[in-house]
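Please look through the sequence and the structure shown here before reading on. The paragraphs that follow move from the sheet to the helices, and then to single residues and their surroundings.

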Amino acid sequence: MTDTIPRITGPGHFRINVAGESFYRENLVKICGPRSEEGIDLQADAHLVLDDDNPHDNKAIRVEIDGLHVGHLPRQAARDFRRLVRYGQLSVHETFKCAAIIRGGWDRGPGDRGDYGVRLDLPQDDD
């Protein structure tokens, strides 16, 4: 493994929704701060980590922001990403960087509360 973390650059569309953010809500609050009336629209760098030891899916890709686990790539996106890595001659790496946006986290009173969502800017087949 090499020390440099390669950056994977997408077209700027942020079309990949991270799965399972609700399980990592506490980490998203640590990154974004408490809920506010306006909510959050935060750009960040995400680390994509090959999660071969994941007990639910040995092809999972863990998503981390600021060193905190915030979810996983959806199952098909994880498999597509692994193919990109393998055939893109990046197989010596286990961690990658990409641009991310965290949105949500608003609280405007009873019944108007938004959860955090994370979207990634990764290339897709139609880009």
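How many bridges join S5 to S6, and in which sense do the two strands run? Five bridges join them, and the strands run antiparallel; within this pairing, alanine 100 has leucine 120 in S6 as its bridge partner. Helices (H or I, at least four residues) and strands (E, at least two) are DSSP runs, numbered from the N terminus, and two strands pair if DSSP finds at least two bridges between them. The model is a predicted one, in which local features need pLDDT of at least 70 and side-chain atom pairs count only at pLDDT 80 or more, while totals for chains, interfaces and linings use all residues. Residues are numbered from 1 along each chain as its sequence is written, and side-chain values use heavy atoms, with hydrogens and water left out.

The pairing of S5 and S6 belongs to an open sheet of six strands, whose order is S1-S6-S5-S2-S3-S4 and whose pairing is antiparallel. Strand S1 (16-17) and S4 stand at the edges, and because each has a single partner strand, one side of each is left without a neighbour in the sheet. Strands of a sheet pair through backbone hydrogen bonds, either parallel or antiparallel. Further into the order, S2 and S5 pair over ten bridges in the antiparallel sense, and aspartate 41 has arginine 103 in S5 as its bridge partner.

The hairpin of S3 and S4 has two residues between the strands, and in it aspartate 66 takes a positive phi near 50°. Although S4 (residues 68-72) stands at an edge, the strand is mostly covered, with four of its five residues buried, where buried means under 20% relative accessible area, exposed over 50% and partly exposed in between (1.4 Å probe, protein chains only).

Helix H1 (residues 25-32) lies across strand S2 (40-51), S3, S4, strand S5 (95-104) and strand S6 (117-121), and runs at about 125° to S4. Helix H2 (residues 75-87) packs on the sheet, where it touches S1, S2, S3 and S5, and its direction makes about 90° with that of S3. Axes here are lines fitted to C-alpha atoms, for helices over the stretch in contact, with angles running from 0 to 180 degrees between N-to-C directions, and contact means heavy atoms within 4.5 Å.

Asparagine 27 lies in helix H1 and, with a relative accessible area of 16%, is buried. Leaving out residues up to four places away in sequence, asparagine 27 touches Leu68 and His69, and its side chain reaches the backbone oxygen of histidine 69 at 2.8 Å. Histidine 72, found in strand S4, also counts as buried, at 16% relative accessibility, and its side chain is joined to that of aspartate 51 by a polar contact of 3.4 Å. A polar contact is a pair of N or O atoms within 3.5 Å; within protein, one must be able to donate a hydrogen and the other to accept it, and residues adjacent in sequence count only if both atoms are side-chain atoms.

In soluble globular proteins, nonpolar side chains tend to be buried together. A nonpolar core is a set of buried Ala, Val, Leu, Ile, Met, Phe, Trp, Tyr and Cys residues joined through side-chain atoms within 4.5 Å. The largest such core has 27 residues, of which Leu48, Ile65, Leu73, Phe81, Val118, Leu120 and Leu122 touch the most other members. The elements that give two or more residues to this core are H1, S2, S3, H2, S5 and S6. Beyond four places in sequence, the contacts of leucine 48 include Phe81, Phe96 and Leu120.

Phenylalanine 81 and phenylalanine 96 are both buried, and they form an edge-to-face aromatic pair, 5.3 Å centre to centre with 80° between the planes. Rings of Phe, Tyr and Trp (its six-membered ring) pair if their centres lie within 6.5 Å, and planes under 30 degrees apart count as stacked, over 60 as edge-to-face and the rest as tilted. This pair links distant parts of the chain, since phenylalanine 81 is in helix H2 and phenylalanine 96 in strand S5, 15 residues apart.
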